[in-house]
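Please keep the sequence and the model in view while reading.

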Amino acid sequence: MRRILLLGGVSEALAIARRLGTEHVYSLAGVGRVPQDLACQVRVGGYGGAEGLVAYLRDEGIGLLIDATHPYAAQISRNAATAAALAGVACWALRRPAWQAQAGDDWREVDDWAGLIEALKPFRRPLFTLGREPLQHLQEIPPAQFWTLRALEACAGNARCEVIGARGPFLLEDERALFARRQIDVLISKNSGSQATEPKLEVARELGLPVLILRRPQLPAVTREFFTVDEMLEALTGLR
Ligand code: NAP
């Protein structure tokens, strides 16, 4: 069987990594937890761009590159497609389907941080669930706003922002309590498509609150796309 390099960092990637044998490699950026109980090899850290990844594919005799990274991790996805093409290996990708708005939902897509700040103007108590990017803008919070920012790790906020550290999956009742306690009037999110973080959307729906959604990045064309872990595992069983 061809040697596989699996680029991960999300739960679906870990589920695939758990099925890989000892000759294959599971690759992590190094920002989250590193599993210690896998049969396959685990590699932590970047490659130094697409060129570095090409060198790794060649040096390690990789025959199939799998991109199972987060839908907003666009840089590594672009690098993966470019490097695989240059090294002459197939690139498969697991593309997590996006959440879809339901009837009555008030979802407002924004392109970038500037668009988000503009769309946020009418609100006073936003809940940010975008990761750590808002931390770079704590000095820019308007006097009329108080931000609640949820990230993987807690850290210091300031007089107008509290940072909560929490990891999904999140329960509906806990999300309801969070919105009520913080008097949230708008939710800010990526469209990650993950079931683990979906309950916050249900709460916004129940309360009739708007959701500002950072638009998904464009991802590159690859040799084969899959939309579920099971589809990909099935294809891997037939791999030579
Ligand atoms: P990114 O902007 O697309 O990638 C930045 C750089 O990190 C890449 O150029 C690469 O460095 C390195 N990198 C990323 N994923 C890697 C992997 N699986 N193995 C080795 N190196 C990797 O990615 P990001 O948005 O910062 O996300 C970093 C990681 O966290 C990703 O693996 C992603 O799956 C995971 N994650 C991201 C999010 C999110 O919202 N973005 C959420 C949950 C999990 P080099 O150029 O040096 O190779």
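Predicted model: local features only at pLDDT ≥ 70, side-chain atom pairs only at ≥ 80, totals over all residues.

Which residue has a polar backbone atom 2.9 Å from an oxygen atom of the ligand? That residue is G48.

**Domains**

- The protein chain falls into two parts, with domain 1 made up of 4-97 + 218-237 and domain 2 of 106-214.
- A distance of 30 Å separates the C-alpha centres of domain 1 and domain 2.
- Six residues from domain 1 and seven residues from domain 2 take part in the contact between them.

**Ligand surroundings**

- The ligand is surrounded by 21 residues, and the closest are G8, S27, Y47, G48 and K190.
- Besides its place among the closest residues, G8 has a backbone N or O atom 2.8 Å from an oxygen atom of the ligand.
- For A74, the distance from a backbone N or O atom to an oxygen atom of the ligand is 3.5 Å.
- On its own the ligand has 810 Å² of accessible area, of which the protein covers 72%.
- Two or more residues of the shell around the ligand come from each of the elements β2 (25-28) and α3 (74-87).
- Of the contributions to this shell, that of α3 is the largest, at four residues.
- By residue class, the shell around the ligand holds nine nonpolar residues, 11 polar residues and one charged residue.

- Is R3 buried or exposed? R3 counts as buried because its relative accessibility is 17%, which is under the 20% limit.
- A polar atom of the R3 side chain lies 2.7 Å from the backbone oxygen of E60.
- When neighbours within four places in sequence are left aside, the contacts of R3 are E23, H24, V25, Q41, E60, G61, I62, G63 and L64.

**D67, in strand β4**

- D67 is part of strand β4, which spans residues 64-67.
- With a relative accessibility of 1%, D67 counts as buried.
- The side chain of D67 has a polar contact of 2.6 Å with the side chain of T69.
- A further polar contact, at 2.7 Å, links the side chain of D67 to the side chain of S77.
- Residues up to four places away in sequence not counted, D67 touches L7, S77, A80, W92, A93, L94 and R95. S77 is therefore both one of these contacts and a side-chain polar partner of D67, since the two side chains lie within the 3.5 Å limit.
- D67 and R78 are 11 residues apart along the chain, and their C-alpha atoms are 9.7 Å apart.

**D105, in a loop**

- D105 is located in the loop that runs between β5 (90-94) and β6 (107-110).
- Its relative accessibility is 18%, so D105 counts as buried.
- Which backbone atom does the side chain of D105 reach at 2.7 Å? The side chain of D105 reaches the backbone nitrogen of Q102 at that distance.

Technical notes: Residues numbered from 1 in each chain as written. Heavy atoms only, no water. Buried < 20%, exposed > 50% of the residue type's maximum accessible area, 1.4 Å probe, protein only. Polar contact = N/O pair within 3.5 Å; in protein donor to acceptor, adjacent residues only side chain to side chain. Contact = heavy atoms within 4.5 Å. Near = heavy atom within 4 Å. Areas by Shrake-Rupley, 256 points an atom, 1.4 Å probe, with all protein chains shown as cover. Nonpolar A, V, L, I, M, F, W, Y, C, P; charged D, E, K, R; others polar. Domains from an automatic or database assignment.
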